[in-house]
Amino acid sequence: MKKKTPAAVRGTQDIYGIDAEAFAFVVETFDRIRRLYRFGRLEMPAIEKTEVFSRAIGETTDVVSKEMYSFEDRGGHSVTLRPEFTAGIARAFLTNGWQQHAPMKLATHGPLFRYERPQKGRYRQFHQIDTEIIGAAEPHADVELLVMADQIIRELQIEGVSLHLNTLGDAESRNAWRGALVKYFMGVKGDLSLDSQARLERNPLRILDSKDRQDQILIAEAPKIDSFLSDEASRFFEDVTSGLKASGVKWVRSQSLVRGLDYYRHTAFEFIPDKGGEAASRLGSQSTLLGGGRYDGLIESLGGSPIPAVGWAAGIERLALLIGSSNLHNHHCDVAVIPAGPNVEGEVQRILSTLRKQNISCEFAFTGNMKKRLQKASAAGAAFAVIVGDAELAKGEITIKDMVNGEQFPLSLDVLSQAISKMLLEKRIVQDRNEGVDPNL
Ligand code: HAM
């Protein structure tokens with residue numbers, strides 16, 4: 001009896017084809033730009049002790065209370081598959097005594113795990129690009145991170161996305177604001193949605209995130225952070241916004257932006273698609289592309305001294321959903337090598353490896369009859385086919401077929417790679433000329 005194939009775990013994805021190319025394009029762009037901004041690469045464990053996340057992110061957050069993949073390992077220790085990078089990076093900073101390197105500018109990317117209800121743009125295993133600056137209290141750090149985020153989104157050619165910016169103030173301002181919000185929402189508790197009533201007990205700032213219509217009317221009237229900001233917190237926010245202005249990064253103020261993780265102080269931000277636009281419709285209800293902020297208290301919550309830090313992360317799948325296929329790398333195929341006889345395999349392998357060492361991309365068309373092999377060469381978009389037959393080989397030659405105009409001619413094996421490089425160059429010049437590109441550029 002045929003065995004039943006196991007299904008993939010709900011909320012995980014097997015990413016292939018154009019989606020995998022878009023994913024790779026996001027990672028390549030991130031890696032290139034983080035070098036421009038001189039962020040060092042960091043590789044982190046995918047599992048941490050559970051307390052790293054519960055202490056850093058906050059017990060009452062959705063991530064910690066409902067979404068973590070936590071289990072006891074065989075040694076009886078509670079471990080968790082990372083739901084985000086920041087807490088683990090802060091732990092690594094303390095474990096390794098990296099204070100001596102502060103300020104550290106760090107970048108990483110990889111898979112994360114949250115037990116959420118899967119839908120378009122929201123998965124249980126997803127991937128982020130992530131950057132952090134640890135050990136910098138200056139608003140310049142916030143500005144640098146935001147300008148970098150803006151540049152990445154631009155270079156991915158994602159349009160119709162805006163930076164929403166808020167300040168949560170320092171610990172003192174934030175606590176005073178929280179107290180005023182609790183008082184206000186207690187007064188209108190009966191009119192809040194059931195979800196928000198529950199949030200009022202656990203995590204009142206999250207009420208500001210509610211999508212419920214009635215909640216939104218009440219939120220519009222709720223006390224605003226600006227009335228509670230200390231002078232120092234106001235000055236900090238002004239410095240961040242003037243840095244953004246000087247760098248030419250546009251933003252909108254979003255007074256109800258609080259973020260889902262408890263560790264933020266001062267700057268909090270998200271890049272969100274504009275309502276009604278193309279990007280918003282492609283992302284569905286999962287609107288936030290990139291989110292982050294300053295987390296000056298986090299390292300202390302893990303037992304360190306008060307070390308200021310700021311960072312952001314963006315969902316790779318969400319960014320990839322917004323990249324048009326025309327922006328993806330064209331994985332061009334220069335040459336298809338086609339064996340046309342029983343005794344030529346060794347020579348074909350030699351030709352393939354010589355051409356590839358010369359940076360010429362090759363497809364080895366080895367299945368089916370000659371017609372099928374030529375079809376494969378054409379489907380791969382090869383500019384030329386190199387046909388290797390016994391009779392020609394005996395004379396030290398192969399046959400070249402120009403896949404565009406169909407011309408066919410013999411060529412000596414001795415000059416194969418130089419001749420192909422030259423022909424490819426000529427073809428590209430012709431192609432660029434047809435597309436209006438100056439070949440001298
Ligand atoms: P976050 O807002 O929880 O922040 O996640 C950042 C981004 O990760 C989101 O904007 C979204 O694009 C993506 N994301 C989150 N959950 C999912 C999911 N289930 N499926 C697909 N994509 C998802 C953080 O993680 C903070 N650690 C960011 C940060 C870094 N703050 C300071 N430093």
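Analyst: Two strands are said to pair if DSSP finds at least two bridges between them. The model is predicted, with local features needing pLDDT of at least 70 and side-chain atom pairs counting only at pLDDT 80 or more, while totals for chains, interfaces and linings use all residues. Residues are numbered from 1 along each chain as its sequence is written, and side-chain values use heavy atoms, leaving out hydrogens and water.

Three strands, in the order β2-β4-β3, make up an open antiparallel sheet (strands are DSSP runs of E with at least two residues, helices runs of H or I with at least four, and both are numbered from the N terminus). Its edge strands are β2 (47–49) and β3 (69–72), each of which pairs on one side only. On average, neighbouring strands of this sheet are turned by 30° against each other, with direction ignored. β2 is joined by three bridges to the antiparallel strand β4 (residues 78–81), and in β4 the bridge partner of I47 is L81.

Across β2, β3 and β4 lies helix α2, which runs at about 75° to β2 (axes are lines fitted to C-alpha atoms, for helices over the stretch in contact, and angles run from 0 to 180 degrees between N-to-C directions).

Helix α2 (residues 50–57) also meets helix α4 (residues 86–95), their axes coming within 9 Å and crossing at roughly 105°. The two helices, α2 and α4, are therefore roughly perpendicular to each other (65 to 115 degrees, whereas under 35 is roughly parallel, over 145 roughly antiparallel and the rest oblique). In this contact (heavy atoms within 4.5 Å), V52, F53 and A56 of α2 face A87, G88 and R91 of α4. The residues of this contact comprise four nonpolar, one polar and one charged.

From α4 the picture leads on to another sheet, for α4 lies across β5 and β6 (125–134) and runs at about 45° to β6. That open sheet has eight strands with mixed pairing, in the order β1-β5-β6-β11-β10-β9-β7-β8. Its edges are β1 (40–41) and β8 (252–253), and each has a single partner strand, so one side of each is left without a neighbour in the sheet. Two bridges join β1 to the parallel strand β5 (residues 104–113), where A107 is the bridge partner of R41.

Another helix, α9 (residues 231–247), lies across β7 (161–167), β8, β9 (265–273) and β10 (290–294), running at about 160° to β7.

Terms used. Ala, Val, Leu, Ile, Met, Phe, Trp, Tyr, Cys and Pro count as nonpolar, Asp, Glu, Lys and Arg as charged, and the others, Gly among them, as polar.
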